[in-house]
Amino acid sequence: MNAASLLASAGMNIGLSLVVLSLFSVLKKQPCSAPVYFARRTARREALPIYPAFSLARLRPTASWISRAFRVTEDEVLRIQGLDALVVLRFFKFGTKFFTVCSIIGLLILVPVNFTCQDGHSRSEFSYSMDAFTISNIGKGCNRLWIHFACLCFISFYILYLLYMEYKVILVLRLQHIGNNRQQPDQFTVLVRGVPLCIEHKAYGCCVDHFFSKHHPFTYQSYKIVHDGKCIRKLLKLAYSLQHKIKDLHRKAVEKPMKWLCLCDTFWSHIGDPKIHEESLQEVRQRIHLLQHENIINKKELPVAFVSFKSRCGAAFAAQTQQHIHPLLWTTEAAPEPRDVIWKNLAIPCHLLALYRTGIFIAALLLTVFFALPVTAVQGIAQFENLKKWFPPARAIQIIPGLSSFLTGYLPSVILNSFIYVIPYAMVYLASLEGYISQSRKEMRACSMVFYFLVGNVFFLSLLSGSLLQQIGESFTHPKDFPSHLASAVSAQSDFFITYILTDGLSGFSLEILQLGLVTWHVVRTCLFGQSIENDSYLFGFPYYRVIPIVSLAILIGMVYAVISPLLLPFLIIYFLLGYAVYVNQTFRKMQDVYDITYDTCGQYWPHIHHYLFITIILMQITMIGIFGLKSKPGASVSTILLLLMTILFNEYCKIRFVPTFCHCPIKVAKENDDCDEREGELQANQEIAIDAYHPPWMRPVSFAGDAAYMKPLVSYS
């Protein structure tokens, strides 16, 4: 790629981001956009920070939200949104801090060393490309490669230092956050699976009570057996649908919307008499009460129970110990939050989980293989110069001025990002089939699946397919020069990844804050179908499974090319600064306005992020081992192998030092929190909260009040 293509990509992305951010600042002020940008406040019927009357200020773009984002403190985020949101923001800070230092080293040391080297290729060879600033301009055996090795050592040790300090800080924040939320019922509760059937009573419940009364006599308090509520769940879905129809029909009867706003009103499914739907809802309610009857529901007990204890210390001890000589019986683990539980997955037997996950692994592998087709096609567009050699009709594109720069500089990254956008949602669907008992664990699993998919398919496949297309002709004509051609191709791909970072950062983050898909659906729903969103706000949980892997891929790209092509690094600073501003708005401002907090893992995402960053360091060092080998510098390769071993030892130390505290609650911390509750007289109240917290949705009371049923929630969550 030449400089013209890179400038075309930068110009397109900067222009698009300015347009999108301006559109966002205008749409956010419009009352009609409140269900999208203030969904939470709309649902709670709170005051909205918008302009009720028309004025020119509503049409004037502003950038004040960016300055407000950088004034938000970490204490505010932690207190209001929890540690998971803070981990995301600290992740962006981590990237900004790291790549700022790397950029200084790269621009002040590596770029001049690469450009002024006379041992590499001739200057005319690089007259139309940017390879003169990369390690490709360093000849074989050149002693300047030791400068690259020294920079590699500094970058490696610097990121290891940052990782260690970040782990320490987040660990302290995790323990403090647990102590500040002592009323959480999951701190007193243990999930028990593999409960054996009581032979005498043909039930599981009495067996649970007998076992824990005998083996945990001083700390055991009560239990909640889990029942199979599949039939009730179906009826609840039907009841919710009827309730929504009744509500919409009553609204239409009052509002009487204009006919031209309801083009599809004749096909709308909510047409009918509300009394008919109310009678149907009454019948469904009676069937739900019948199925909830004790004599019927007890016949559908599952070998799963939530056991509550009198103290956090007792719960932590029970969750972290083996209860039976048979490891598949009486298996215990810390219970997830009540709002985090996926109740239907508790019915899956433990011994089938391995089978489920093997099948999903195969499905994810097939998806990865299938995705190789668009990635290879994208690289074919990016390597336009080589494409002209193998497909001469492509030269016709050069007739139109600037078109080739647009095709090679902007279009490939746009296509790749468009394909990538759907991957997280596909992976979270696959993860939902693996049988995880909580939403947080499912999304953490999806997070890892997306990351490995991006590493294998976006990074490696883009690199290999680009190298193949670029070097295939030279490899046949000069087979002895293939290693040097491959090393040059690795450096040359930095241009493509620069455009990828620009597109994912500038355009991607801008579209993220605009929520283009949701805005489009809102316009279609309100104008075309005439539906009201007054009580049906767009509430979603924050997509950690999408944000964390994509940002980790950006760090991976920056790490691998930090020594090879330092010109990439300043673009990553822009990437993380804009990402921080956007996601402060998303995780702090918008969690008050739009995103719902569906769970709080107390920072358990950070060990996953640490693992992703460890993989990026390993890939950077392995890549440099190969580069030094191809550049005929075996001493540097051997020294990098020693650096690689040190990195692996550091990661093993972090596993021993930090990971156990993220997986379990230490007995010491649990005891301190119990003592604090006793001093403040809150221990009994927190125990009672834990006893009543784990009621599945289908076992909660159904409220119904005649004709006013559409005004009340179907299920009471109090």
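These questions and answers look at how the terms used for this predicted model follow from its values.

The model is predicted, so local features need pLDDT of at least 70 and side-chain atom pairs count only at pLDDT 80 or more, while totals for chains, interfaces and linings use all residues. Residues are numbered from 1 along each chain as its sequence is written, and side-chain values use heavy atoms, with hydrogens and water left out.

Q: What makes up the secondary structure of the chain, and how are helices and strands defined?
A: The chain has 27 helices and four strands. Helices (H or I, at least four residues) and strands (E, at least two) are DSSP runs, numbered from the N terminus.

Q: Why is the pair of Phe-98 and Tyr-158 called stacked?
A: Rings of Phe, Tyr and Trp (its six-membered ring) pair if their centres lie within 6.5 Å; planes under 30 degrees apart count as stacked, over 60 as edge-to-face and the rest as tilted. The ring centres of Phe-98 and Tyr-158 are 6.1 Å apart and their planes are at 15°, so the pair is stacked. By this rule there are 29 aromatic pairs.

Q: What does the pair of Phe-98 and Tyr-158 tie together?
A: Phe-98 lies in helix α6 (residues 83-115) and Tyr-158 in helix α7 (residues 145-180), so the pair ties together parts that are 60 residues apart in sequence.

Q: Why is the charged end of Arg-357 said to sit over the ring of Tyr-436?
A: A charge sits over a ring if NZ of Lys or CZ of Arg is within 6 Å of the ring centre and within 35 degrees of the ring normal. The charged end of Arg-357 is 4.3 Å from the ring centre of Tyr-436 and sits over that ring.

Q: What makes α7 and α23 roughly antiparallel?
A: Axes are lines fitted to C-alpha atoms, for helices over the stretch in contact, and angles run from 0 to 180 degrees between N-to-C directions. Angles under 35 degrees count as roughly parallel, over 145 as roughly antiparallel, 65 to 115 as roughly perpendicular and the rest as oblique. α7 and helix α23 (residues 605-630) pack at about 170°, with their axes 11 Å apart, and α7 and α23 are therefore roughly antiparallel.

Q: Which residues meet where α7 packs on α23, and how are they classed?
A: Contact means heavy atoms within 4.5 Å. Among the residues that meet are Leu-145, Phe-149 and Glu-166 in α7 and Trp-606, Ile-617 and Phe-628 in α23. Ala, Val, Leu, Ile, Met, Phe, Trp, Tyr, Cys and Pro count as nonpolar, Asp, Glu, Lys and Arg as charged, and the others, Gly among them, as polar. The residues of this contact divide into 16 nonpolar, four polar and one charged.

Q: Why is α5 called roughly antiparallel to α6?
A: Helix α5 (residues 74-81) and α6 pack at an angle of about 150°, with their axes 7 Å apart. That angle makes α5 roughly antiparallel to α6. The contact has six nonpolar, one polar and three charged residues.

Q: How do you know that Ser-103 is buried, and what is it in contact with?
A: Ser-103 has 5% relative accessibility and so counts as buried. Ser-103 lies in helix α6 and, leaving aside neighbours within four places in sequence, is in contact with Leu-108, Leu-569, Pro-570 and Ile-573. The C-alpha atoms of Ser-103 and Pro-566 are separated by 6.8 Å, although these residues are 463 residues apart along the chain.

Q: What is said of phi in Trp-330, and why does Trp-330 count as buried?
A: Phi of Trp-330 is near 55°, a positive value in a residue other than glycine. Trp-330 has 4% relative accessibility, so Trp-330 counts as buried.

Conventions:
Buried means under 20% relative accessible area, exposed over 50%, partly exposed in between (1.4 Å probe, protein chains only).
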